[in-house]
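Hi everyone, thanks for making time. Let me put the model up on the screen, and then I'll walk you through a few parts of it.

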Amino acid sequence: MPELRSGARQGRLRSKKLEDIPAPSQPQAENPILPLTNRRRGGAGRGRGSRAAAAAKGPSAAPARPAAGGRGRGIKLIALDLDQPCEIQPRAAVGGVAVGGAQDFILNQAAGRIAEKDPAMDGGSAEKVIGAEDETTTAPVPERVQVGNSPVYKIERKLGKGGFGQVYVGRRVSGGTDRTGPDAFEVALKFEHRSSKGCNYGPPYEWQVYNSLNGCYGIPWVHYKGRQGDYYILVMDMLGPSLWDVWNSVGQAMTPSMAACIAVEAISILEKLHSKGFVHGDVKPENFLLGQPGTADEKKLFLIDLGLASRWKETSSGQHVEYDQRPDIFRGTIRYASVHAHLGRTGSRRDDLESLAYTLIFLIRGRLPWQGYQGDNKSFLVCKKKMATSPELLCCFCPAPFKHFLEIVTNMKFDEEPNYSKLISVFDSLIEPCTSLRPIRIDGALKVGQKRGRLLVNLEEDEQPKKKIRLGNPATQWISVYNARRPMKQRYHYNVADGRLQQHIEKGIEDGLYISCVASAANLWALIMDAGTGFCSQVYELSPVFLHKDWIMEQWEKNYYISAIAGTTNGSSLVVMSKGTPYTQQSYKVSESFPFKWINKKWKEGFHVTSMTTAGSRWGVVMSRNSGYSDQVVELDFLYPSEGIHRRWENGYRITATAATPDQAAFILSIPKRKLLDETQETLRTSAFPSNHVKEKWAKNLYIASICYGRTVC
């Protein structure tokens, strides 16, 4: 017979500061950021009671308008539409733009003009997910271009095309003697049609970024821009091959010494970019270009394609943009994007550096462990794999500095200022001491000052090391949430088999207790009953069907509303419905992935999440009108999202619902309309049901408000 334990306790009122009790170990998770299309599975309906009523490579990815507060002005949000994903294969690199084939390219050799290459060469590049609209246009580009005070350019060969535009070589009709600059005889012309998504409100968003960054170290110059006919046009410097081209030309495996030079120069470029208040948002090999062969800049690195750039710092206040998470939003390229980008979190400086780490490892190894996934949930699977892959495993074929760099950047906080000098100094041992023998110039790194970096490293030797968050050893745990309440009676039962459920519920009701929350682990139930629910009547159903639609709708007709739900790994569910709730209408959804799009839609209709559970990998979410909340947010992760929860707490949110699969944990945090007398809230993560801890919490007048079992560690 399964183990059965219960406990009851009368608490005493006492307040306590917020604290989050850490879990014993640390693993990973896997299910999320790619909500499926809003089709209904299982059952969903509305209660009726008596009260009821990216930037592509040639072009720049257009900014979607900010969809959530706190993401900073000008940020580009790319909504995932799984019906029409856009995948851009490698092509002649553009951007500051330029490019051509790598077959004949030999680094350190003046090779003249580089031949244009097959965009699909050597298996193709990573996929960039951008807006899911058909941005193609049949409007021909003009044969000649003159914008602003620019010379007249004749359009020649196409360099590349992306979701929002295309890039051509432009040759001056007359004059022009330089290889680069405003008087160059050949330039890159970037065209975006006025009807494209990026130009809905005027010139492309990328123009605003270039206005702020023109002349920034490592960013190509835009010499002229303007509109001609149906097109917005940028006139930019021609550049040489991309790192993708170089990687192909050297047998798809760079030497650690060359990758180290790329690392320190890329860090320097990102430092200058970040100092201007922007993050790039799409760091990858195709977006780093060298100067034109045969020029003084042929070993100089440039960062192109600012279509996904966003502000990490508010222009007016100079403060860091506020943290937010929108699990239905992704911006970047799946292969190289940071885990935080996959999860829809506001972009910050750490994301560029994490993408750079993946870029460097790819250039050395020739492949990343998450390549090859296909299907609508590709981004989810890639994110899961990234979280599950420890730095030791990912960097097993790379020198130690690359592992060290990865560990530093993946453990950074949202608003943490990177120590760029320290990051550069990580690669000191791999840099060729003879300047002329270096395959990439590291002018920017030298300006940052490697000596200063070593000094800072020495000063920080005594600092406490950060707790590693990606260990490659996933684990599941009980997650319990405790709220400060006036002294009341609360009772718990766990490891309850189906056949014992009824007797515990009936005994609790006899003692004046109603079910406040339920959960499941290993197909056994956990039951929390207390005297503080405010309910006057309660019914429940134990069903082999996950959230049995017919029974739920029948109870809605009787003015019962869902107040607690739980699901098991075998697909059965326990649904508790009560009278005495404040709700006036309800709706619920069953989904194969976390249904954030649906939740966001219902928020706009005045609903809030009031219950949530999982059954295996399926999610069940209940939303109600008149819930008593003024605002609500979601924290979704492959591990316990400690940083996100603490940031929400600081802004007045409190956890009001939890659920977890073997892959992911989700938390709903809400702001109540009526301010609580005591806002104390604590969370606890334990491998076994927290029976002993619960009694300790009761002694502090902290009572279980929500509980679930699932993934918390990566």
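**The cavity and its surroundings**

Sorted by class, the lining of the largest cavity has seven nonpolar, nine polar and six charged residues. Here Ala, Val, Leu, Ile, Met, Phe, Trp, Tyr, Cys and Pro count as nonpolar, Asp, Glu, Lys and Arg as charged, and the others, Gly among them, as polar.

Before going on, please note that this is a predicted model: local features need pLDDT of at least 70, side-chain atom pairs count only at pLDDT 80 or more, and totals for chains, interfaces and linings use all residues. Residues are numbered from 1 along each chain as its sequence is written, and side-chain values use heavy atoms, with hydrogens and water left out.

Back to the cavity: on a 1 Å grid over the protein atoms alone, that is a set of points where a 1.4 Å probe fits but cannot get out, and lining residues have an atom within 4 Å of a point. The volume, meaning the space filled by probe spheres set on points joined across faces, edges and corners, is about 190 Å³ for the largest cavity. Of its 22 lining residues, Gly281, Arg331, Ser338, Ala341 and Asp351 are the closest to the centre.

Which element gives the largest share of that lining? Helix H5, with three residues. H5 spans 349–365, and strand E14 (332–333) also supplies at least two. Helices (H or I, at least four residues) and strands (E, at least two) are DSSP runs, numbered from the N terminus.

In one, Glu643 meets Arg350 at 3.2 Å, N to O. Glu643 sits in helix H15 (residues 642–650) and Arg350 in H5, so the pair ties together parts 293 residues apart in sequence.

Now for some strands, which pair if DSSP finds at least two bridges between them. Strands E8 (residues 222–228) and E9 (residues 231–237) are antiparallel, over six bridges. Val222 stands opposite Met236 in E9. The two strands form a hairpin with two residues between them, and Gly229 in the turn has a positive phi of about 65 degrees.

Last, an open sheet of three strands runs E22-E24-E23 with antiparallel pairing. Its edge strands, E22 (585–591) and E23 (607–615), each pair on one side only. E22 and E24 (residues 618–625) share seven bridges, and Gln586 has Ser624 in E24 as its bridge partner.

Methods
1 Å grid on protein atoms, 1.4 Å probe; cavity = no way out; pocket = protein on both sides within 12 Å on 5 of 7 lines; lining within 4 Å. Salt bridge = Lys/Arg side-chain N within 4 Å of Asp/Glu carboxyl O.
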